[in-house]
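Okay, thanks everyone, let me get the model up on the screen.

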Amino acid sequence: MRLNTHVLDFLKKALPKTTSRLPVLRLGLSGGVDSCVLLAVLLACKKTFDFDLQAVHVHHGLSPNADRWAKFCQDLCLHSNVPFVIAHVKVDKKSGLGIEASARNARYEALLEGQFDYLLLAHHQDDQAETFLLQLLRGSGLKGLSAMADKDLEKRLLRPLLEISREEIEAYAKVTQLSWVEDESNDDVYFDRNYCRQKLMPMIEARFPAAKKTLARSASHIAEAAHLLDELA
């Protein structure tokens with residue numbers, strides 16, 4: 001399948017060519033369709049390109065369904081024979097950053113703990129477009145408008161699906177008959193990203209059908225320009 005080939009090629013280019021041991025890849029597994037698809041793809045890649053795989057689920061405790069999501073991820077990894085850890089975090093709701101930002105900070109801190117070589121996240125093209133648009137509306141500079149990098153070797157982050165659309169990810173999940181969980185908070189347009197996804201993007205795409213792809217491409221161009229400016233400075 002195309003998605004398997006894409007991720008396999010990505011890993012072969014991103015991971016060091018010479019090493020005395022297998023690289024340890026840690027997957028951030030939320031239980032949603034994106035991370036469940038990435039888990040399935042990584043298991044397929046392991047058949048021809050060897051690496052050690054582990055998964056971490058961050059339990060925020062913000063939803064009444066949080067325990068069920070954690071159990072789902074645990075069972076999925078047990079069935080797939082993938083080492084699995086549940087990381088419980090406490091989100092500071094009074095930090096002044098808002099729940100979205102506070103939860104994200106707590107999540108990254110938990111995911112980056114422990115022994116591993118690279119953290120793999122299931123962000124995709126739609127996420128990239130939404131991030132770019134949100135940063136634009138916040139008046140961000142080049143760093144913010146660069147959105148997310150597919151490879152951040154300094155932070156040991158890899159995003160193999162960043163050029164893949166949500167539509168293709170969902171199609172893969174259906175064809176391979178995967179199961180996943182749905183986070184009910186994704187429908188709450190009180191949160192900026194959900195508002196962007198549910199309200200703004202559909203209006204933009206009604207006029208500009210390729211908007212997600214072109215917005216993601218703009219973020220990539222800006223990231224490249226920012227990198228060149230840093231080198232020049």
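Let me start with a question: does Glu 130 count as buried or exposed? Glu 130 is buried, at 0% relative accessibility. Buried here means under 20% relative accessible area, exposed means over 50%, and partly exposed is in between, using a 1.4 Å probe and protein chains only.

Before I go on, the housekeeping. What you see is a predicted model, where local features need pLDDT of at least 70 and side-chain atom pairs count only at pLDDT 80 or more, while totals for chains, interfaces and linings use all residues. Residues are numbered from 1 along each chain as its sequence is written, and side-chain values use heavy atoms, with hydrogens and water left out.

Okay, back to Glu 130. Its side chain meets that of Arg 193 in a salt bridge, 3.4 Å from N to O. That pair ties together distant parts of the chain, with Glu 130 in helix H5 (residues 125-137) and Arg 193 in helix H8, 63 residues apart. When I say helix or strand, I mean DSSP runs numbered from the N terminus: H or I with at least four residues for helices, E with at least two for strands. And a salt bridge is a side-chain nitrogen of Lys or Arg within 4 Å of a carboxyl oxygen of Asp or Glu. Arg 193, for its part, is partly exposed, with a relative accessible area of 24%.

How many salt bridges does the whole structure have? The search finds 14. Here are two more of them. Asp 50 pairs with Lys 46 at 3.5 Å, N to O; Asp 50 is partly exposed at 45% relative accessible area, and Lys 46 is partly exposed too, at 28%. Then Asp 150 bridges to Lys 151, with the closest N and O atoms 3.3 Å apart. Asp 150 comes out partly exposed at 27%, and Lys 151 partly exposed at 34%. There's also a network, in which salt bridges that share partners join Asp 126, Asp 127, Glu 130, Arg 166, Arg 193, Arg 197, Glu 205 and Lys 212.

Next, helix H2, residues 33-45. H2 has 13 residues and runs 18 Å from its first C-alpha to its last, close to the 18 Å expected at 1.5 Å a residue. That expected span is 1.5 Å times one less than the number of residues. Why do I call H2 largely enclosed by the rest of the structure? Because eleven of its 13 residues are buried. Among them are Val 33, Asp 34, Ser 35 and Cys 36, and the list also includes Cys 45.

Now the surface. Glu 167, Glu 170, Glu 182, Glu 184, Asp 187 and Asp 188 gather there in a patch of negative charge. Patches are built from residues with over 30% relative accessible area and no salt bridge, joining like charges within 9 Å and nonpolar side chains (Val, Leu, Ile, Met, Phe, Trp, Tyr) within 5 Å. Asp 188 sits in the loop between helix H7 (166-175) and helix H8 (192-207), and is partly exposed at 33%.

There's a nonpolar patch as well: Leu 142, Leu 229 and Leu 232, with about 320 Å² of accessible area together. Leu 232 belongs to helix H9, residues 211-232, and is exposed, at 72% relative accessibility.

A couple of backbone points. Most residues other than glycine have a negative phi. Ala 147, though, has a positive phi, near 60°, and lies in the loop between helix H6 (142-145) and strand S5 (151-152). Gln 177 isn't a glycine either, and its phi is positive at about 55°. You'll find Gln 177 in the loop between H7 and H8, exposed at 71% relative accessibility.

Last, two loop residues with distances. Asn 81 is in the loop between helix H3 (66-80) and strand S3 (84-88), and is exposed at 69%. Asn 81 and Leu 43 are 38 residues apart in sequence and 9.9 Å apart in space, C-alpha to C-alpha. Ser 20 is in the loop between helix H1 (2-14) and strand S1 (24-28), exposed at 79%. Between the C-alpha atoms of Ser 20 and Val 91, 71 residues apart along the chain, there are 39 Å.

Key:
Accessible areas come from the Shrake-Rupley method with a 1.4 Å probe; for residues, only the protein chains shown count as cover. Lys and Arg count as positive and Asp and Glu as negative; His and the chain ends are not counted. The place of a charge is taken as NZ of Lys, CZ of Arg, CG of Asp or CD of Glu.
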